[in-house]
Amino acid sequence: MSSLQYFRVKRRAGDVVWLTITIPESEQHEINAAFLYEFIEVLGSIQDQGVSGLILRSARPEVFLTGIQADTLSLLSNEGAKQKAQGFFTLGGQLCQNLQNMTCPTVAIIDGACSGAGIEIMVACDYRILIDKGSTRLSYPEVDDGYHIGFGGLSRLIDQIGFDNTLDFLVAPHSYDVETAVRSGLADAVEPLHKAKWLARQWILYPDSTDDLGYQLPNSERILPPSLIVAKSSFNGRLNNASALELNVLEAMIDTWTAYAGEELEAQQEEIKTATALLSSKPTQNKLYIKHLLATLKQEYVQAYPIEQRSIPQHIHIIGSGTIGKYMTKLCVLQGLKVSLYDVRHAALASVPHEMYAFFKSVYPDRPLRIQQALDTIILDVHNAGVKQADIVVEAIQEDKHAKLSLLLEVDKKSKPDACIITSTACLPLDELSQDMLHPERLVGLNMGHPLFDAPCAELIISNCVSAEKLEQAESFAYLIEKTPIPIKSSAGFLSSRLLMAYLTESLMLHQSGISKTDIDQAALAMDMTYPPFELLDELGLEECLKVSEALSDRLGYDIPKLLMEKVGKGLKGKHSGEGFYTYKNGEKQTNILESIRHKLPWRVDEKSIQTRLLERLINESRECLNLGIVEHADLIDLITVIFVGFSASKGGTLSYLDSYKKVAAQQAQAAKTVAKETSKTEAE
Amino acid sequence: MSELKTVYLVDGSRTPFLTQATTVQGYSALNLALHVSHSVLLGHSFHAQGLDAIITASTACDGNVDLARELGQRLGCLANISTISQTGDAAGLQALELASQQIALDQKQLVLVGGVDVLQLSGEKMGALTSWSQQWKKDSQSLTQKIRLPAFLQRTKSKPSTDNISTTHTTTHALLEPNWLVKNKQWAEEKAIRHVITQDRMNEYAQLSRRRLQYSQRNSLIAALSPLFYRDGHVISRDMGGLTTDMVTLSTTATTKEIDPSNVLSDDCIAPAAEGAAMLLLASKESVIRYQLPVLATLSLPCWSHVSLANNKLLASGHYVNQAVHDLLADERLAMDEIDYWECNEASAVDVLVAQQQCQEDDAFALLHRVNVDGGVLALGNAPTANSMRMLLQLAHTLKRSDAERGIVTATISDGREFALLLQHSHELVK
């Protein structure tokens, strides 16, 4: 065998072969075609060599195997790359088939994250042992992007853990921890590393001891035909929360399984076909395009600033313990930064300990020491003492220009001369905010959006007078808290708030004209928007929305919807006050009886016209932003509309959608022309 | 012998003193200390690693537990650390002395010193107590049940702790220890009888102390208070002196009130047990310059004098209370009238009144308006070790506020020893 790039093969006592995986070019152990070729080659060389068993493990302690490498994926998902994709999946299918057909027992020891391709390879092994630690987590995030790794793993999963469990695993909002994985049958055992190695050898050398292993399928899944099991699952509401992209994958999976239940080879062949079709479908390509944009931004930064050149802050001082202040605290503490949180209102700080405790308890379940360590880095500062020593001071108070002006002036005077001052304003132009400051070059904006979006990126707002050093400092901070910064020129509303408010204002205007809010919400959902507008307004808080709306109205001439002013005037502030456009009880939306029977009424509101108005407004606003040069590339507008406005990722952002719409329209026009020509020809004849 | 270095008080912070037990869901001794330490260190340019030593004192830890070590670990500090832990009220003063000695002798440059006390019973006892008190509330119509409460409380507290958990949360506050309490009360009572201090005068002084605290609170004169934030969402940002009547409070304050051998002392003139923490940052001149630290005051080395209970001759001489103060003044070559403010430990009103009585001939203590001007532990509640630090911190801020030059912190502790320490506020130094 030629020298191996991805594997270390060791034959140890008892003729057990230890296969250690390492993918040097990918930190996350993402696979590519070369890896698959080499794996097949290695398996071929081991087969029929008198080996008693094969143990598969990763050389990197925090990761087993994850998805497909970005370069490979972009190659496979290009238009016209259908054959390449099919070839790749066939290769993977072949590998998993070979692994499954090994004459000796195979054991996978999963130490760290395992997802996508890792899951497919893992389920092709006979036994799976998870290492008992927090970072061992199993997931299948590709479903969220609208495709699956077509190595035949989905049918294997259904065979091994049952249909219901597979469905739960694929649509689970969070990755599975070790306990959940074992409970659902994805793994056979959870052990610490030293014991896992011993156990794997034990199972290979003494196969009798493994008799009691193996997941028992529920009785109904043994008796009922596949179609009935599917019907039962959908009746249980398992797919209610699935997105359109997820549904595409699940539908393909269900079709394959119901058609080829029990016929393993055919089912796996079919999976290769569906995976290829899904990967080359437009919605999936659009979703991958958005992901690719984010990855490119990150990569560019990493290349420009290697880690040793970045300025790493030690102490972050956050002023304002509202929603954004707390969100930023969580992000900083997750990265091990020391945070002091200041608020003039003690009552506002009072809610912090409980919220932080609950948050870190959910992040580090059953790890009290880790929770304590996290909480120890948060200092509730009632005297604003932290401002003097912090490396980065973050202003996160309410959207009030005068309050921000005076605060920033104070921070400018008190903070260290080399400290970077970050404002979290969502709409106020930086040049207005820095007008009183002695050193306006220290002010940078970082708009991360509402925590609800949980955006992987943030808008890095650049004013005219900012210094390059501070900009780099803010950029580095954004990367540190895992928010890829998107450079935006400072202007009213920047990009995200401007587009978001366009969407919300248009919905409010529609509502003011007499269309019910439920109809508008449903129309928005039907056009695959992530957040229906009126629920989103309630979530964001009506008062905050009004403030942003007023700021935009002063500067851009937006209309302030009368309805919004009326609601705020009545003291209805949205979800957290119990009532906004909808009413809420214990955080749950209450359904009005009229709304619940609305769909049974004989008349229908024209959904299409609502959607057109919303789309038009969003697209027009996006084009205006592009014309004004707020961002450098149209791609970034697409990214922001998907992440911060909730525009359908499968449509690929507003401008991308417009392009594809134009293409389709042109094709239609062309077709119509041809038809007209032909008709005139025939008529002439 | 080389010359002693000057000790600078740079900063300090304390929690509100609480007379209610909050340990069931509240802060442990370690968490209280950590909370205050964060407040002290936050405003300075050095990180916790810059500290040379952490010294803590507590009446709430047993000997096996090193509070300072755990505190150092949680602060991320690798300094030399030592805990003084004993069930008396001298631990705080000893910690203070150790810290200032280390700086004066040039052994350390930057020392975090503090005291922490928590009103606590071990979890098991507290659980039993709470469930019992709930039952008692339910059956309160029965007189027998009512009568059983004080007896139960007494029994629960007298029982030695059987917990073997090695944490800082297992032992009981010094003032809740019946033996210590009896001794303390006897001592105060003897003093009151010997110096003919009437109950009325004691009550009057106790009321004065409360009025002063209220005035200071209203006018924001209480210095460097770091509010306590609880996980259930409530905040305590001021001292909660005085007694409340709920069952849990009663359970922790009852013992300070139930033993009164001869009715010489009224309930109000003995400070109730309280929990709280206070931390001070002491520095040498080198550290002050190096880190550009603001200076609150300079400290002298403390003076101790020992008077045993049996030494009646000295008691009769009329100078015993001021022995430590006299020694200190002699050392510093100062006269009584050169001292602007006094902080005197008022574990009982007798302590202050006797001091006043004895000092009249020197005309220093005669006017109470210079003693404990912002109220003392009679009003705040007595957290013995934290109070030592609090007195120093409050006096430093009083000097700064009123632009005064010198102040003395003095205390008489339960075993009869006296303590005195001089604080000087130098304007030149601050510049």
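Author: Domain bounds here come from an automatic or database domain assignment. The model is predicted: local features need pLDDT of at least 70, side-chain atom pairs count only at pLDDT 80 or more, and totals for chains, interfaces and linings use all residues. Residues are numbered from 1 along each chain as its sequence is written, while chains are lettered from A and ligands numbered from 1 in the order in which they are written.

Reader: Which domains does the assignment give for chain A?

Author: Domain 1 of chain A covers 7–280. Two further entries follow in the assignment: domain 2 (315–494) and domain 3 (497–629).

Reader: How do the residues of domain 2 of chain A that touch domain 3 of chain A divide by class?

Author: Contact requires C-beta atoms, placed from the backbone, within 7 Å. Eleven residues of domain 2 of chain A contact 14 residues of domain 3 of chain A. Nonpolar means Ala, Val, Leu, Ile, Met, Phe, Trp, Tyr, Cys or Pro; charged means Asp, Glu, Lys or Arg; the others, Gly among them, are polar. By class, that side of domain 2 of chain A has six nonpolar, three polar and two charged residues.

Reader: What distance separates the centres of domain 2 and domain 3 of chain A?

Author: The centres are taken over C-alpha atoms. For domain 2 and domain 3 of chain A, the separation is 28 Å.

Reader: Which element supplies the largest share of the side of chain A that touches chain B?

Author: In the interface, 19 residues of chain A contact 17 residues of chain B. Helices (H or I, at least four residues) and strands (E, at least two) are DSSP runs, numbered from the N terminus. Helix H15 (346–363) and strand E11 (378–381) of chain A each supply at least two residues of this side. The largest share, nine residues, comes from H15(A).

Reader: Which are the edge strands of the open sheet in chain A?

Author: Strands pair if DSSP finds at least two bridges between them. Six strands of chain A form the sheet, ordered E1-E2-E3-E4-E6-E8, with mixed pairing. Two of its strands pair on one side only: E1 (7–12) and E8 (189–191) of chain A.

Reader: What angle does helix H8 of chain A make with E6(A)?

Author: Strand E2 (residues 16–21) of chain A runs parallel to strand E3 (residues 53–58) of chain A, joined by six bridges. Helix H8 (residues 193–205) of chain A packs on the sheet and touches E2, E3, E4, E6 and E8 of chain A. Axes are lines fitted to C-alpha atoms, for helices over the stretch in contact, and angles run from 0 to 180 degrees between N-to-C directions. Between the directions of H8(A) and E6(A), the angle is about 170°.

Reader: Why does B:Ala57 count as buried?

Author: A residue is buried with 20 or more other C-beta atoms, placed from the backbone, within 10 Å of its own, exposed with 12 or fewer, and partly exposed in between. B:Ala57 lies in strand E2 (residues 53–58) of chain B. B:Ala57 counts as buried because its C-beta neighbours inside 10 Å number 32.

Reader: How many contacts beyond near neighbours in sequence does the stretch 154–171 of chain B have?

Author: The predictor's confidence in each residue, pLDDT, runs from 0 to 100. Chain B has a mean pLDDT of 74, and 64% of its residues reach 70 or more. Over residues 154–171 of chain B the pLDDT is below 50, and the contacts in the model number 33.

Reader: What ipTM does the model score?

Author: The pTM is 0.81. The ipTM is 0.78.

Methods. Two residues are in contact if their C-beta atoms, placed from the backbone, lie within 7 Å.
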